[in-house]
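Visitor: Hello! Could you show me around this protein and tell me about its surface and pockets?

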Amino acid sequence: MIPAQTQTPLPDIIGDLLGFGTDMGPGETFIASFIGAALVGTLMLTMTALAGPWAKRKITAAFTDRYAVNRIGPAGLLIIVADAVRLLSKELIVPEGVDRPAWDLAPIVIASSALLGFAVIPMGNGIHLADPEAGLVYVFAVASIASVGLVMAGYASNNKFSMLGGLRAVAQNLAYEIPLILIAASVVLFAGSLQMSEIVAAQTETLVSLGGVAIPSWYVFVNPFAFVLFMVANLMEVGRNPFDIPEAPTEIVAGYQTEYSSAYFVLIYLGEFIHIFLGGAIIATLFLGGPAGPVLPGILWFIIKIWAVFLFTQWARSALPRLRIDQLIEVGWKGMLVLALANLVLTAVIVGVIA
């Protein structure tokens with residue numbers, strides 16, 4: 001493996017292919033970075049288009065022993081095109097009394113915040129846009145911007161159900177984002193860095209060899225307790241059962257997104273699934289060795305790991321009942337926070353002993 005410090009970012013590789021050389025000016029840097037961001041964004045949006053209209057229905061149907069989409073195109077794949085045309089061709093209805101600037105901006109904030117997180121995710125040798133020293137902090141910072149979008153949508157819609165959804169989103173994020181960050185901090189203690197490529201590089205060594213099979217030092221093996229906690233907290237972050245409280249269709253008619261239609265609804269729906277993939281990308285980076293894996297190229301392993309997390313979220317959506325809001329808050333503050341703190345303290349002790 002190439003050491004993390006010498007990995008070439010994707011914009012530099014694109015700059016070389018375009019003949020800009022190693023010493024690019026501001027304009028050339030912008031062009032190379034724009035093309036790199038477009039490639040990464042296209043990959044994520046393609047996966048989202050496949051996951052939302054098609055894979056979600058197929059997986060849910062398999063779990064609940066029902067038929068899914070199978071009429072439009074081979075295996076129903078053209079439902080993606082049909083849904084896109086259907087939703088985007090609908091009239092955009094603006095209810096009376098909405099706070100128009102906030103109402104218009106909320107879907108954009110929800111969708112774009114997750115895409116920004118992929119800027120520092122290492123997807124394979126040379127397949128990352130940037131590699132700042134505080135990359136992990138950046139990912140959590142931009143991902144949390146979505147919470148602002150949820151509150152904006154709930155407040156600006158002038159609808160009691162939307163407002164309840166926005167308030168629930170605030171309560172839920174406060175209760176679970178703190179444990180999420182504390183769990184990630186325990187990984188930082190092991191890796192000794194906030195840089196995403198360094199965290200991946202720290203997992204390349206062999207943890208133990210059993211019968212000639214080398215088990216890598218992925219943090220899922222080093223600290224499985226932290227991995228389980230992070231998976232649970234991630235379900236909250238992406239709003240999947242039992243933590244889909246802000247939407248709760250049977251209680252508050254889809255919550256913060258009740259008053260949205262047409263392209264705005266598409267943006268909110270898109271943002272939901274991009275956040276699921278961003279959560280999977282963070283889990284793959286922190287606990288599953290990033291793009292590491294045998295035989296196949298790193299980018300393929302990275303995509304496989306992301307889809308594995310997506311499959312888990314869809315299983316949870318089909319199998320687990322929704323908590324009440326009071327139960328969710330109690331689990332967050334009295335359960336997850338305590339366990340995350342205990343994990344952080346225990347990790348600090350272990351790292352201090354073996355250092």
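**Surface and pockets**

Guide: Let us start with Phe 30, which is exposed because its relative accessible area is 58%, where exposed means over 50%, buried under 20% and partly exposed in between, with a 1.4 Å probe and protein chains only. This is a predicted model, in which local features need pLDDT of at least 70, side-chain atom pairs count only at pLDDT 80 or more, and totals for chains, interfaces and linings use all residues. Residues are numbered from 1 along each chain as its sequence is written, and side-chain values use heavy atoms, leaving out hydrogens and water.

Visitor: In which helix is Phe 30 found?

Guide: Helices here are DSSP runs (H or I, at least four residues), numbered from the N terminus. By that count, Phe 30 is found in α2.

Visitor: Which helix gives the most to the lining of the largest pocket?

Guide: A pocket is an open set of points on a 1 Å grid over the protein atoms alone, where a 1.4 Å probe fits, with protein on both sides within 12 Å along at least five of seven lines; lining residues have an atom within 4 Å of a point. With six residues, the helix that gives the most is α3.

Visitor: How many residues lining the second largest pocket are charged?

Guide: Asp, Glu, Lys and Arg count as charged. Among the 14 lining residues, Lys 56, Glu 247, Glu 272 and Arg 317 are some of those that lie nearest the centre. The number of charged residues in this lining is seven.

Notes: Helix = DSSP H or I, 4+ residues; strand = E, 2+ residues; numbered from the N terminus.
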